[in-house]
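Open the model in your viewer and keep the selection tool at hand. This tour goes stop by stop: what to select, and what is there.

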Amino acid sequence: MTRYSLTHLEQLEHESIHIIREVAAAFERPVMLYSIGKDSGVMLRLAEKAFAPARIPFKVLHVNTRWKFREMIAFRDELVRRMGLDFVEWINPDGVRDDVNPFTHGTQKHTHVMKTLALKQALTAGGFDAAFGGARRDEEKSRAKERVFSFRDRFHQWDPKNQRPELWNVFNCRVNKGESIRVFPLSNWTELDVWLYAHKESLPMVPLYFAKERPVVRRGGAWIMVDDDRMPLEPGEKPEMRKVRFRTLGCYPLTGAIESEAETMPEIIEEMLRSRDSERQGRVIDYDEGGSMEQKKREGYF
Amino acid sequence: MTYGSQIDELGIEGWLARYGQREMLRLLTCGSVDDGKSTLIGRLLYDSQTVHDDVLAATKKASARYGTTGEDVDLALLVDGLQAEREQGITIDVAHRYFATDRRKFIIADTPGHVQYTRNMATGASNCDLAIILIDARHGVLEQTRRHSFLCALLGIQHFVVAVNKMDLVGWSEARFEEIRAAYAEFASRLQVRDVHFIPMSALKGDNVVRRSEAMPWHQGPPLLAHLESVHLAGDRNLVDLRLPVQLVLRPNLDFRGFCGTLASGILRVGDEIATLPSGRRSRVKSLLVGGVEVGEAWAPMAVTVTLADEVDVSRGDMIVAPNNAPHLDNAVEAMVVWFNETPMQTGRQYLVKHTTLETPGEVVELRYRIQIGTLRREPATALQMNEIGRIRLETARPLAADAYAQNRTTGSFILIDRMTNATVGAGMVVERMTAEESAGRTHAAADAGRNLRLVDKRRVTADARAARLGQRPFVLWITGLPRSGKSSLAYALEERLFADGRHVQVLDGEILRRGLSRDLGFRGADRWENQRRAAEVARLNAESGLITIVALVSPLAAERQQARAIVGADRFVEVFCDAPLAVCEARDQDGLYARARAGEIANVTGVDAPYEAPTAPEVRLDTEREGLAANLDRVLAALRQRGMLG
């Protein structure tokens with residue numbers, strides 16, 4: 001007999017599909033940001049389900065910093081081909097001109113130019129009035145207060161004190177010309193939910209999430225993978241092979257790997273449950289100062 | 001039990017299978033900074049082992065800097081996020097926290113307690129199943145406690161947990177707990193909340209949060225977490241009333257037209273008969289997709305795609321419902337509204353209304369009262385300030401397919417958007433009140449007919465038998481026309497004549513109705529409409545009792561008369577139009593109705609500042625300008641005889 005109830009994963013899935021459809025219906029030019037990571041993979045799957053048997057009715061955008069892992073780009077290109085996405089890539093041309101990179105310009109400058117500024121450029125250039133992002137509220141404390149629909153002014157800025165109240169599943173989709181909304185369909189998902197869903201859906205994932213022998217160096221207490229020969233080695237530093245995996249993916253010089261034996265999704269889930277470290281710990285950018293994510297968001301970072 | 005030991009016991013695959021079956025509970029925590037709310041949430045997260053080691057380390061660092069607990073980790077700092085609030089030491093917005101246990105996944109909406117943030121609380125409460133109302137045992141039930149409880153009840157939360165916190169500071173006193181319980185229960189009885197549960201606790205010490213308190217052996221019930229894990233939620237879901245607001249239409253190719261939306265309530269199956277609102281067109285469910293996969297049935301709150309057997313024109317903002325169970329389709333709703341904006345809500349102002357997926361201009365035509373939240377008293381008001389709550393009448397350009405909020409949180413709610421700034425300025429909850437439009441014959445007469453039929457089935461004495469005993473054929477003569485066009489004179493003359501002929505007959509006119517039955521109504525559009533609906537309903541009851549009814553009402557709109565005809569039944573409805581030009585009627589203005597309207601003293605007078613739609617095909621049309629009363633009376637009698645009404 002049918003119970004006519006939903007499990008928490010099913011409920012999250014339906015709520016996210018509702019949000020994605022609402023944006024597709026109410027905005028003129030939505031775009032979905034795709035970061036190649038597990039969260040945007042789940043988001044893309046939800047978009048696929050939301051509109052099947054029709055195609056996803058908006059563009060999918062990847063803001064490339066030129067420092068992504070090679071495996072990420074290969075995975076991305078294959079996914080775009082397989083799903084037949086209406087795909088665009090954006091790389092900040094100013095950053096290319098000045099050859100901005102994390103080594104000579106530092107982490108903050110690199111992230112600011114190649115991610116924050118690049119994203120603003122891409123959104124302005126595309127004339128997008130709504131942009132989906134895969135951020136979750138459980139990732140970081142300042143995100144706990146983020147709305148599902150996050151209103152941005154003409155300068156893509158976020159004012160934490162001036163956000164619209166959000167009631168029920170009725171979303172205010174009105175924006176004036178030039179203004180936009182960032183939409184987070186995975187707001188209520190946790191890291192565990194994302195993995196459980198990926199497992200349930202047998203979602204393809206970038207191989208970097210799974211443990212494998214990789215060339216790494218130890219830096220600032222984290223394992224950094226030497227993904228290509230652009231990475232300058234410190235004196236005395238010598239890449240060694242370690243069985244590692246990544247809990248989160250970004251620019252390879254800024255993303256720390258963890259030593260792990262987890263080669264399958266259930267093993268990853270098990271490892272995550274047994275470990276007690278929250279996932280963004282692998283991302284170097286959050287550790288600048290208390291509340292730094294909030295600072296970046298005000299500036300327009302996702 | 002830790003995740004690690006669960007996995008040891010079940011194996012990861014077994015754990016995944018079990019975890020996959022968990023359901024979700026959304027809860028709201030209300031209380032002020034001083035009630036220990038952040039500490040309680042921190043305690044839930046900490047004791048349920050959701051806090052990761054690195055976060056805990058960071059919190060320990062922060063405790064030294066901002067904390068108030070000395071050497072211990074300040075659990076409140078686990079949940080206080082933004083820099084600004086850390087600096088001010090207050091929570092300034094709705095924050096969401098996530099944790100899970102063996103039994104359920106929990107989403108906590110953490111909302112601030114101080115007065116000016118009603119809006120955040122309403123926001124947080126709108127999606128929650130359960131509310132934790134925190135009370136400081138030293139202070140007992142405060143104005144703020146009542147305020148929070150009222151808001152939670154208003155937003156439809158059915159399960160309350162009253163957490164009497166800081167019991168350690170009152171010596172774990174059972175007497176104190178009972179005192180607070182009694183005071184709260186007295187207040188809560190007026191809130192119509194189904195389930196109120198009291199727990200004495202100390203969030204700081206951890207008593208009765210996750211672990212049962214040893215200091216309060218006198219309390220028998222489970223600690224908070226165990227209660228949250230076991231609260232029965234299934235009964236909260238509405239699986240009866242099919243409501244599918246259409247979000248968008250998919251047309252990937254010529255053969256497929258899919259209507260997408262999230263089921264607000266009810267169950268939908270392939271083959272089901274459905275009706276679409278507002279058009280009222282009917283069809284059948286041809287196929288049903290969930291996540292792109294065909295299924296046989298789906299239920300709320302699933303996001304689905306539906307194809308229909310017939311070519312029916314449906315677009316975003318429409319609603320798919322069951323033909324015999326439709327919501328009220330109405331251009332006006334009565335609602336409680338919570339105001340969010342610094343610019344006060346004013347009557348006569350236009351807003352954009354978003355109801356389910358429909359956006360339409362609307363106007364707050366009346367503010368009936370404001371609620372004094374602390375006392376629940378109603379008081380007159382001319383505007384609603386930010387964070388105030390009032391009862392309004394909202395009229396919309398497009399009709400809303402709305403249910404009462406108490407029946408349906410999705411189809412009973414709407415938001416108000418400022419047309420200039422696009423800010424969300426208010427949130428409304430539809431109040432149940434039968435008005436004319438709700439049962440109007442426009443699109444759901446058929447739906448209502450179902451209910452009437454059931455009633456007829458129960459009756460042993462039929463309308464025909466009653467009519468036979470009275471020896472007459474009952475009918476309703478509905479006289480329409482401008483004020484002073486001669487409706488009442490005709491009605492009373494006719495009544496006198498029919499009565500003299502031995503018939504049982506009664507007149508209903510504006511005066512009679514407004515003296516009693518419709519004493520609560522004004523003269524605005526919807527009130528007038530309601531007055532006419534009541535007249536039609538009384539006339540129908542009369543007809544079923546065998547009586548003849550003569551209704552004399554201006555009834556200026558074709559739709560209103562159509563509604564009356566639908567209520568009474570077309571075969572016993574005779575529409576009579578007293579046709580006289582406005583100038584002639586105005587010249588007969590003995591009691592000065594037109595004069596006062598012209599002088600601007602009164603509003604909504606038909607012909608002056610309200611329209612009159614002359615009937616195009618009445619059963620009888622009378623020229624009351626040139627013909628006298630006697631001649632017109634004969635004309636009506638002749639028409640009735642011709643129709644066999646006078647046997």
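Start with rings: those of Phe, Tyr and Trp (its six-membered ring) pair if their centres lie within 6.5 Å, and planes under 30 degrees apart count as stacked, over 60 as edge-to-face and the rest as tilted. The structure holds 20 such aromatic pairs over all chains. This is a predicted model, where local features need pLDDT of at least 70 and side-chain atom pairs count only at pLDDT 80 or more, while totals for chains, interfaces and linings use all residues. Residues are numbered from 1 along each chain as its sequence is written, chains are lettered from A and ligands numbered from 1 in the order in which they are written, and side-chain values use heavy atoms, with hydrogens and water left out.

**Aromatic stops**

Select Tyr4(A) and Trp299(B). Their rings are edge-to-face, 5.0 Å centre to centre, with 90 degrees between the planes. This pair crosses between chains: Tyr4(A) is in the segment before helix 1 (8-26) of chain A, and Trp299(B) is in strand 14 (residues 297-299) of chain B. Helices (H or I, at least four residues) and strands (E, at least two) are DSSP runs, numbered from the N terminus. Tyr4(A) is buried at 16% relative accessible area, and Trp299(B) is buried at 11%. Buried means under 20%, exposed over 50%, partly exposed in between (1.4 Å probe, protein chains only).

Next, select Phe149(A) and Phe171(A). The ring centres are 4.5 Å apart and the planes lie at 5 degrees, so this pair is stacked. Phe149(A) is in strand 5 of chain A and Phe171(A) in the loop between strand 5 and strand 6, so the pair ties together parts that are 22 residues apart in sequence. Both Phe149(A) and Phe171(A) are buried.

Then highlight Trp67(A), Phe69(A), Phe103(A), Phe246(A) and Tyr252(A). They form one aromatic cluster.

**Nonpolar cores**

Which residues touch the most other members of the largest nonpolar core? Select Ile20(A), Phe58(A), Phe149(A), Trp189(A), Ile269(A) and Trp15(B); the core has 85 residues. A nonpolar core is a set of buried Ala, Val, Leu, Ile, Met, Phe, Trp, Tyr and Cys residues joined through side-chain atoms within 4.5 Å.

Centre on Trp15(B). Not counting residues up to four places away in sequence, Trp15(B) touches residues including Leu192(A), Leu196(A), Ile269(A) and Leu273(A). Contact means heavy atoms within 4.5 Å. Another core, of 50 residues, lies apart from the largest one; Cys30(B), Cys128(B), Val141(B) and Leu376(B) are among its members.

**Salt bridges**

The count is 64 salt bridges over all chains. Each is a side-chain nitrogen of Lys or Arg within 4 Å of a carboxyl oxygen of Asp or Glu.

Select Arg174(A) and Glu359(B). Their closest N and O atoms are 3.0 Å apart. Arg174(A) lies in the loop between strand 5 (149-152) and strand 6 (180-183) of chain A and Glu359(B) in strand 20 (residues 358-372) of chain B, so this pair joins two chains. Arg174(A) is partly exposed at 33%, and Glu359(B) is partly exposed at 27%.

Move to Arg82(A) and Glu78(A), a salt bridge at 4.0 Å, N to O. Both lie in helix 3 (residues 70-83) of chain A, four residues apart, about one turn of the helix.

Last, select Asp228(A) and Arg230(A), which meet in a salt bridge at 3.2 Å, N to O. Asp228(A) is buried at 17%, whereas Arg230(A) is partly exposed at 35%.
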